[in-house]
Amino acid sequence: MAQEGSPDGAGLLIIACGALAHEITALQRANRWDHLAVRCLPAELHNRPERIPAAVRALIRASRCHYRSIFVAYADCGTGGLLDAVLREEGVERIPGAHCYEFFATGPVFEKLAETEPGTFYLTDFLLRHFDRLVLQGLGLDRHPELFPAYFGNYRRLVYLGQAPKPDSLDQARAIAAQMGLQFEYVETGYGDLAKSLESAVKQTGRNEEVLTWHR
(Lines give C-alpha, C1' and ligand atoms only; values in the text may rest on other atoms or scores of the structure.)
Protein backbone atom coordinates (compact mmCIF):
# COMPACT_ATOMS: atom_id res chain seq x y z
CA MET A 1 0.00 0.00 0.00
CA ALA A 2 1.26 3.47 -0.81
CA GLN A 3 2.34 5.57 2.14
CA GLU A 4 -0.31 8.06 3.24
CA GLY A 5 0.67 11.68 3.59
CA SER A 6 -1.17 14.53 5.22
CA PRO A 7 -4.96 13.96 5.62
CA ASP A 8 -5.43 17.56 4.52
CA GLY A 9 -3.25 17.20 1.42
CA ALA A 10 -4.20 16.82 -2.21
CA GLY A 11 -4.75 13.37 -3.70
CA LEU A 12 -2.02 11.28 -5.29
CA LEU A 13 1.48 12.36 -6.28
CA ILE A 14 3.29 10.38 -8.95
CA ILE A 15 7.06 10.79 -8.75
CA ALA A 16 8.14 9.81 -12.23
CA CYS A 17 11.11 9.44 -14.50
CA GLY A 18 11.08 12.25 -17.02
CA ALA A 19 11.10 9.64 -19.78
CA LEU A 20 7.52 8.74 -18.78
CA ALA A 21 6.08 12.26 -18.59
CA HIS A 22 4.34 12.09 -21.97
CA GLU A 23 2.76 8.69 -21.28
CA ILE A 24 1.63 9.56 -17.75
CA THR A 25 0.07 12.81 -18.95
CA ALA A 26 -1.79 10.93 -21.69
CA LEU A 27 -3.14 8.40 -19.19
CA GLN A 28 -4.08 11.17 -16.77
CA ARG A 29 -6.11 12.98 -19.43
CA ALA A 30 -7.72 9.84 -20.85
CA ASN A 31 -8.85 8.67 -17.39
CA ARG A 32 -9.69 12.12 -16.01
CA TRP A 33 -7.48 11.61 -12.97
CA ASP A 34 -7.98 15.18 -11.82
CA HIS A 35 -6.66 14.57 -8.30
CA LEU A 36 -3.39 13.15 -9.60
CA ALA A 37 -0.26 15.32 -9.58
CA VAL A 38 2.96 14.43 -11.38
CA ARG A 39 6.50 15.54 -10.61
CA CYS A 40 9.27 14.30 -12.87
CA LEU A 41 12.96 13.83 -12.24
CA PRO A 42 15.34 14.34 -15.19
CA ALA A 43 15.45 11.46 -17.64
CA GLU A 44 19.22 11.99 -17.82
CA LEU A 45 19.50 10.36 -14.38
CA HIS A 46 19.51 7.08 -16.31
CA ASN A 47 23.08 7.91 -17.26
CA ARG A 48 23.92 7.87 -13.53
CA PRO A 49 21.43 5.38 -12.02
CA GLU A 50 23.23 5.37 -8.70
CA ARG A 51 21.83 8.89 -8.19
CA ILE A 52 18.20 7.87 -8.72
CA PRO A 53 17.47 6.54 -5.18
CA ALA A 54 18.65 9.70 -3.41
CA ALA A 55 16.78 11.94 -5.85
CA VAL A 56 13.57 9.96 -5.35
CA ARG A 57 13.97 9.99 -1.56
CA ALA A 58 14.48 13.75 -1.50
CA LEU A 59 11.34 14.35 -3.56
CA ILE A 60 9.29 11.97 -1.40
CA ARG A 61 10.32 13.77 1.77
CA ALA A 62 9.77 17.22 0.27
CA SER A 63 6.29 16.26 -0.95
CA ARG A 64 4.87 13.93 1.71
CA CYS A 65 3.04 16.56 3.75
CA HIS A 66 1.26 17.88 0.64
CA TYR A 67 -0.32 14.65 -0.64
CA ARG A 68 -2.45 11.86 0.73
CA SER A 69 -0.33 9.22 -0.99
CA ILE A 70 2.73 8.89 -3.21
CA PHE A 71 3.55 6.40 -5.94
CA VAL A 72 6.87 6.12 -7.78
CA ALA A 73 6.79 5.64 -11.54
CA TYR A 74 10.22 4.09 -11.85
CA ALA A 75 11.28 0.52 -12.35
CA ASP A 76 14.60 -0.54 -10.77
CA CYS A 77 16.25 1.32 -13.66
CA GLY A 78 19.76 0.03 -13.06
CA THR A 79 19.94 0.90 -9.37
CA GLY A 80 20.66 -2.71 -8.40
CA GLY A 81 17.98 -2.79 -5.72
CA LEU A 82 19.02 0.50 -4.10
CA LEU A 83 15.80 2.21 -5.15
CA ASP A 84 13.76 -0.57 -3.56
CA ALA A 85 15.70 -0.18 -0.32
CA VAL A 86 14.82 3.54 -0.24
CA LEU A 87 11.16 2.89 -1.02
CA ARG A 88 10.88 0.27 1.73
CA GLU A 89 12.24 2.81 4.22
CA GLU A 90 9.84 5.48 2.96
CA GLY A 91 6.82 3.17 2.71
CA VAL A 92 6.20 3.92 -0.97
CA GLU A 93 5.55 1.54 -3.86
CA ARG A 94 6.82 1.63 -7.43
CA ILE A 95 6.02 0.04 -10.79
CA PRO A 96 7.15 -3.61 -10.83
CA GLY A 97 9.96 -4.54 -13.17
CA ALA A 98 13.60 -3.99 -13.94
CA HIS A 99 13.16 -1.19 -16.50
CA CYS A 100 10.59 0.56 -18.66
CA TYR A 101 11.08 -1.92 -21.50
CA GLU A 102 9.77 -4.65 -19.23
CA PHE A 103 6.75 -2.81 -17.85
CA PHE A 104 5.74 -1.43 -21.24
CA ALA A 105 5.98 -4.83 -22.92
CA THR A 106 4.80 -6.63 -19.73
CA GLY A 107 6.98 -9.24 -18.06
CA PRO A 108 6.06 -12.34 -20.12
CA VAL A 109 6.42 -10.56 -23.48
CA PHE A 110 9.73 -8.98 -22.54
CA GLU A 111 11.07 -12.27 -21.21
CA LYS A 112 10.27 -13.93 -24.53
CA LEU A 113 11.94 -11.12 -26.47
CA ALA A 114 15.07 -11.34 -24.32
CA GLU A 115 15.26 -15.12 -24.62
CA THR A 116 14.82 -15.01 -28.39
CA GLU A 117 17.71 -12.57 -28.86
CA PRO A 118 19.75 -11.41 -25.85
CA GLY A 119 21.62 -8.95 -28.06
CA THR A 120 18.68 -6.58 -28.47
CA PHE A 121 18.63 -2.80 -28.37
CA TYR A 122 15.22 -1.48 -27.30
CA LEU A 123 13.51 1.73 -28.33
CA THR A 124 10.47 3.30 -26.67
CA ASP A 125 8.53 6.29 -27.96
CA PHE A 126 10.58 8.54 -25.67
CA LEU A 127 13.93 7.15 -26.79
CA LEU A 128 12.86 7.34 -30.42
CA ARG A 129 11.95 11.03 -30.03
CA HIS A 130 15.25 11.82 -28.31
CA PHE A 131 17.58 9.32 -30.00
CA ASP A 132 19.85 11.91 -31.54
CA ARG A 133 20.33 13.80 -28.26
CA LEU A 134 20.56 10.87 -25.86
CA VAL A 135 22.36 8.29 -27.99
CA LEU A 136 24.14 9.89 -30.93
CA GLN A 137 25.21 13.08 -29.17
CA GLY A 138 25.31 11.52 -25.71
CA LEU A 139 27.78 8.85 -26.82
CA GLY A 140 29.65 11.10 -29.23
CA LEU A 141 28.57 9.06 -32.24
CA ASP A 142 27.55 12.19 -34.16
CA ARG A 143 31.21 13.20 -34.08
CA HIS A 144 32.79 9.75 -34.18
CA PRO A 145 30.57 7.33 -36.13
CA GLU A 146 33.48 4.88 -36.25
CA LEU A 147 32.60 4.07 -32.61
CA PHE A 148 29.33 2.37 -33.60
CA PRO A 149 30.93 -1.13 -33.60
CA ALA A 150 32.49 -0.51 -30.19
CA TYR A 151 29.14 0.42 -28.64
CA PHE A 152 26.80 -1.88 -30.55
CA GLY A 153 28.97 -4.69 -31.89
CA ASN A 154 27.31 -7.25 -29.62
CA TYR A 155 23.78 -6.28 -30.65
CA ARG A 156 21.93 -8.16 -33.37
CA ARG A 157 18.45 -6.71 -33.26
CA LEU A 158 16.57 -3.48 -32.55
CA VAL A 159 13.07 -3.82 -31.10
CA TYR A 160 10.84 -0.77 -31.13
CA LEU A 161 8.32 -1.01 -28.31
CA GLY A 162 5.62 1.45 -29.37
CA GLN A 163 3.30 3.08 -26.83
CA ALA A 164 1.44 5.55 -29.06
CA PRO A 165 3.49 5.79 -32.26
CA LYS A 166 3.02 8.60 -34.73
CA PRO A 167 2.51 7.89 -38.45
CA ASP A 168 6.24 8.24 -39.19
CA SER A 169 7.53 6.54 -36.03
CA LEU A 170 8.07 3.13 -37.62
CA ASP A 171 10.03 4.63 -40.49
CA GLN A 172 12.20 6.52 -38.02
CA ALA A 173 12.80 3.36 -35.96
CA ARG A 174 13.68 1.36 -39.08
CA ALA A 175 16.14 4.06 -40.11
CA ILE A 176 17.83 3.89 -36.70
CA ALA A 177 18.07 0.11 -36.95
CA ALA A 178 19.67 0.44 -40.39
CA GLN A 179 22.07 3.07 -39.08
CA MET A 180 23.11 0.72 -36.29
CA GLY A 181 23.30 -2.29 -38.62
CA LEU A 182 20.63 -4.20 -36.70
CA GLN A 183 17.61 -6.28 -37.66
CA PHE A 184 14.36 -4.47 -36.99
CA GLU A 185 11.28 -5.64 -35.10
CA TYR A 186 8.23 -3.72 -33.95
CA VAL A 187 6.04 -4.60 -30.96
CA GLU A 188 3.02 -2.45 -30.19
CA THR A 189 2.79 -2.42 -26.40
CA GLY A 190 0.48 0.46 -25.55
CA TYR A 191 1.12 1.59 -21.99
CA GLY A 192 1.43 -1.95 -20.61
CA ASP A 193 1.92 -2.28 -16.87
CA LEU A 194 2.39 1.48 -16.50
CA ALA A 195 -1.34 1.93 -17.04
CA LYS A 196 -2.22 -0.92 -14.66
CA SER A 197 0.11 0.33 -11.93
CA LEU A 198 -1.18 3.90 -12.08
CA GLU A 199 -4.79 2.73 -12.09
CA SER A 200 -4.12 0.63 -9.01
CA ALA A 201 -2.43 3.56 -7.23
CA VAL A 202 -5.34 5.86 -8.08
CA LYS A 203 -7.88 3.36 -6.77
CA GLN A 204 -5.90 2.86 -3.58
CA THR A 205 -5.82 6.61 -3.01
CA GLY A 206 -9.58 6.75 -3.50
CA ARG A 207 -10.09 4.09 -0.84
CA ASN A 208 -7.82 6.00 1.54
CA GLU A 209 -9.84 9.17 0.96
CA GLU A 210 -13.10 7.32 1.73
CA VAL A 211 -11.66 6.10 5.04
CA LEU A 212 -10.44 9.58 5.96
CA THR A 213 -13.83 11.09 5.14
CA TRP A 214 -15.64 8.44 7.20
CA HIS A 215 -13.62 9.28 10.30
CA ARG A 216 -14.11 13.05 10.09
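Leu123 stands opposite Tyr160 in β6, and β5 and β6 pair in the parallel sense over four bridges; two strands pair if DSSP finds at least two bridges between them. This is a predicted model, in which local features need pLDDT of at least 70, side-chain atom pairs count only at pLDDT 80 or more, and totals for chains, interfaces and linings use all residues. Residues are numbered from 1 along each chain as its sequence is written, and side-chain values use heavy atoms, with hydrogens and water left out. Helices (H or I, at least four residues) and strands (E, at least two) are DSSP runs, numbered from the N terminus.

- Six of the six residues of β6 are buried, where buried means under 20% relative accessible area, exposed over 50%, and partly exposed in between (1.4 Å probe, protein chains only).
- Arg157, Val159 and Leu161 point one way from β6, while Leu158, Tyr160 and Gly162 point the other way; both sets are buried.
- On β7, Glu188 is the residue opposite Gly162, and the two strands, β6 and β7, run parallel and are joined by six bridges.
- β6, α9 and β7 make a right-handed β-α-β unit; a crossover is right-handed if, with the strands pointing away from the viewer, the path from the first strand over the helix to the second runs clockwise.

**Helix α9**

- Helix α9 covers residues 169–180, twelve in number, and reaches 17 Å from its first C-alpha to its last, close to the 16 Å expected at 1.5 Å a residue. The expected span is 1.5 Å times one less than the number of residues.
- Which residues of α9 are buried? They are Ser169, Ala173, Ile176, Ala177 and Met180.
- Seen down the axis of α9, these buried residues fall within an arc of 100°, so they line one face of the helix. The arc is that of the directions from the helix axis to the C-beta atoms.
- An α-helix has 3.6 residues a turn, so residues three or four places apart point the same way.
- Asp171 and Ala178 are exposed, on the face of α9 turned away from its buried side.
- The cover over the buried residues of α9 includes β5 (120–123), α6 (125–129), α7 (131–137), α8 (148–152), β6 (157–162) and β7 (183–188).

- Phe148 belongs to helix α8 and is buried, with a relative accessible area of 12%.
- Beyond its neighbours within four places in sequence, Phe148 is in contact (heavy atoms within 4.5 Å) with Leu136, Leu141, Gly153, Gln179 and Met180.
- Phe148 and Gln179 are 31 residues apart along the chain, and their C-alpha atoms are separated by 9.1 Å.
- Thr124 sits in the loop between β5 and α6 and counts as buried at 5% relative accessibility.
- Neighbours within four places in sequence aside, the contacts of Thr124 are Cys100, Tyr101, Phe104, Tyr160, Leu161 and Gln163.

- Ser63 lies in helix α2 (residues 52–63) and counts as buried at 1% relative accessibility.
- A polar atom of the Ser63 side chain lies 2.7 Å from the backbone oxygen of Leu59.
- Apart from neighbours within four places in sequence, Ser63 is in contact with Leu13, Arg39 and Ile70.

- Glu23, Ile24 and Leu27 are buried in helix α1 (residues 21–31). They cover an arc of only 95° around the axis, which puts them on the same side of α1.
- Arg32 lies in the loop between α1 and β2 (36–41) and has a positive phi of about 55° although it is not a glycine.
- Is Arg32 buried or exposed? At 70% relative accessibility, Arg32 counts as exposed.
- Cys77, in the loop between β3 and α3, has a positive phi of about 55° and is not a glycine; Cys77 is buried, with a relative accessible area of 11%.

Key
Polar contact = N/O pair within 3.5 Å; in protein donor to acceptor, adjacent residues only side chain to side chain.
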